[in-house]
Amino acid sequence: MYYSSGNYEAFARPVKPEGVDHKSAYLVGSGLAALAAACFLVRDGQMKGSRVHILEKDPIPGGACDGYLYENLGYVMRGGREMDNHFECMWDLFRSIPSIETEGISVLDEYYWLNKKDPNYSLMRATVNRGEDAHTDKKFGLSDQGAEEIMKLFFTPDEELYNKRIDEYFSSEVLNSNFWMYWRTMFAFENWHSALEMKLYIKRFIHHVGGLPDFTALRFTKYNQYESMILPMIKYLESNGVQFHYGTRVVNVEFDIQKDRKTAKRVIVLHDGKTENIDLTEDDLIFITNGGCVENSSLGGQNAPAPFNTEIKAGGGWDMWRKIAAQDPAFGHPDKFCHNTEQSNWMSATVTTLDGKIPPYIQKICRRDPFSGKVVTGGIVTAKDSNWLLSWTFNRQPQFRSQPKGQLVGWIYGLFSDKPGNYVKKSMRECTGKEICMEWLYHMGVPEAEIPALAEKSANTIPCMMPYITAFFMPRAKGDRPLVVPKGAVNFAFLGQFAETARDTIFTTEYSIRTGMEAVYTLLNVDRGVPEVWGSVYDVRDLLNSTVSLRDGKKMTDMELGFKERLAMKLLLKKTEGTDIEKLLKEHHVV
């Protein structure tokens, strides 16, 4: 497997890998990474679909990319997906997946034209005082010291950031700024999360820094991620004969570990209450989704809180990874990620408006007609003064194809599930759906006398507790996540958010799809380059733009410097006069 850039290889079809007709593939789980791997096996590996087996413990595919209408509950989306135009592997895949919405075009075509015609941007990023504009005004609000702390982290070697927390590198100059409010609510970072992951995120999305305050950096699908992304992949795979084995729980994978070779020999599964073995040869490839950010997630209801289930039970994704990791140090250290649910959980809730009473409050804040079919909030709206650090969003409506006319489906989440609410004096994790809706309505400015009735009769709200949703952000070091294809691996690979690949960042659709692509291309020796991570971090133009953006447009010459530093800057700028460097600095408003 090798990386490529540019369009020379981007549209090439690889030759059929040698010996692929004699190989089979087993995929543990049916999340985005596994489904992507299956698609690459069929499209680029040219493996017969009948030889591809997806082992899924649940009755529904998709993993964390869900969006369903649950009987006796209502519409549920555990999370949302924010996409980037430079998700190179993702768009490489979806150019080949037929749309199920419009005949004759791909999912990429559908997505591209949707976001061209209806570009995303927010008109109110944050509120205070119960629905008033917080007037963040697209400003990061960083002092020179805060900007310097971010720059210092950016240039700190990865090795120095192993097992370190964000709040070990950022002071209140960053942590009390608009920048941190934007960042942690958009990406779900907490102060105690990995400083290494924070650095990787800054590097990965350096080209979008200027678009963070108003979400012009983002793009979204037409419907929820299950209907817009997962279903087209399922239909593509089924049309190619891929075998789905639902209700099949993988308990363990056993390996033959030699000095220079590691071979997966057996898959132990639980099916229909019985333990079964799938014996593997070197021609049987297995792709393992280890860990799981939505493991142990639970739903409540309009009148019931979501249980906080922290116990790691036999047969779950974490338990399976523990059994695998015990066999070789190269298989990672799952307990670095799943040991502290107080630091890896947050809660979400799906709210469905049932009549016309709540939508005017939404419209007042987002400043758009939520029934227009176009962008509504343009990303999350954060209640800055919420004890839960509550954020909420309504994407294009309808969010579900089956959604009744006149109803809106939106998503709420809180980073601090253990804090008492401002209106509902209970922690978010203790609240029913109705109580979470009441807290949300309070922060939207609904008159307090009307809040209980609206939450009970004009909305249906389903809470979801996710104990491990940001487990991958826990401080870590090299080797805590296994490489996608560990050194010496003969017939296996790891997939998803807890596998390790170079330069990309977890908690993105791109990361899942990239690991699937790299795994297939490596094990089948596909003779085509995997698109490298977009190289904006090496582009001086993006670096200059992001630097000026972080300082809210202030030029380098506006920095508060001492006499010696100011003199040094003048001498430096003098040397650039009449050069292309001076042109570049002026073009990007550095001077």
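With 8 of its 8 residues buried, S18 (residues 459-466) is largely enclosed by the rest of the structure. This is a predicted model, in which local features need pLDDT of at least 70 and side-chain atom pairs count only at pLDDT 80 or more, while totals for chains, interfaces and linings use all residues. Residues are numbered from 1 along each chain as its sequence is written, and side-chain values use heavy atoms, with hydrogens and water left out.

What does S18 pair with? Strand S14 (residues 346-353) is joined to S18 by 8 bridges, and the two run antiparallel. Within this pair, Val-351 sits opposite Thr-461 of S18. S13 also pairs with S18 in the antiparallel sense, over 2 bridges, and there Ser-298 stands opposite Met-465. Two strands count as paired if DSSP finds at least two bridges between them. Strands are DSSP runs of E with at least two residues, helices are runs of H or I with at least four, and both are numbered from the N terminus.

Zooming out, these strands belong to an open sheet of 8 strands with mixed pairing, in the order S7-S6-S15-S16-S17-S14-S18-S13. The edges are strand S7 (132-133) and strand S13 (298-299), each of which pairs on one side only. At the S7 end, 2 bridges link that strand to S6 (residues 126-128) in an antiparallel arrangement, with Thr-127 opposite Asp-133 in S7.

Helix H8 (residues 195-204) has 9 of its 10 residues buried, so it is largely enclosed by the rest of the structure. The buried residues of H8 include Leu-196, Met-198, Leu-200 and Ile-202, and also Glu-197, Lys-199 and Arg-204. What do the buried residues of H8 pack against? Their partners are helix H4 (144-155), helix H5 (158-161), helix H7 (178-187) and helix H15 (509-523).

Gly-67 lies between strand S3 (52-56) and strand S4 (68-70). Leaving aside residues up to four places away in sequence, Gly-67 touches Val-76, Met-77, Asn-224, Tyr-226 and Phe-400, where contact means heavy atoms within 4.5 Å. The C-alpha atoms of Gly-67 and Tyr-223 are 9.1 Å apart, although 156 residues separate the two along the chain.

As for the whole chain, it has 18 helices and 20 strands. Its radius of gyration is 24 Å, close to the 25 Å that the globule rule gives for 591 residues, so the chain is as compact as a globular protein of that length. That radius is taken over C-alpha atoms, and the rule is 2.2 Å times the number of residues to the power 0.38. The C-alpha trace spans about 70 × 70 × 50 Å along its principal axes. Of the 591 residues, 58% count as buried. Among contacts between residues at least 6 apart in sequence, 74% join residues at least 24 apart.

Conventions: Buried < 20%, exposed > 50% of the residue type's maximum accessible area, 1.4 Å probe, protein only.
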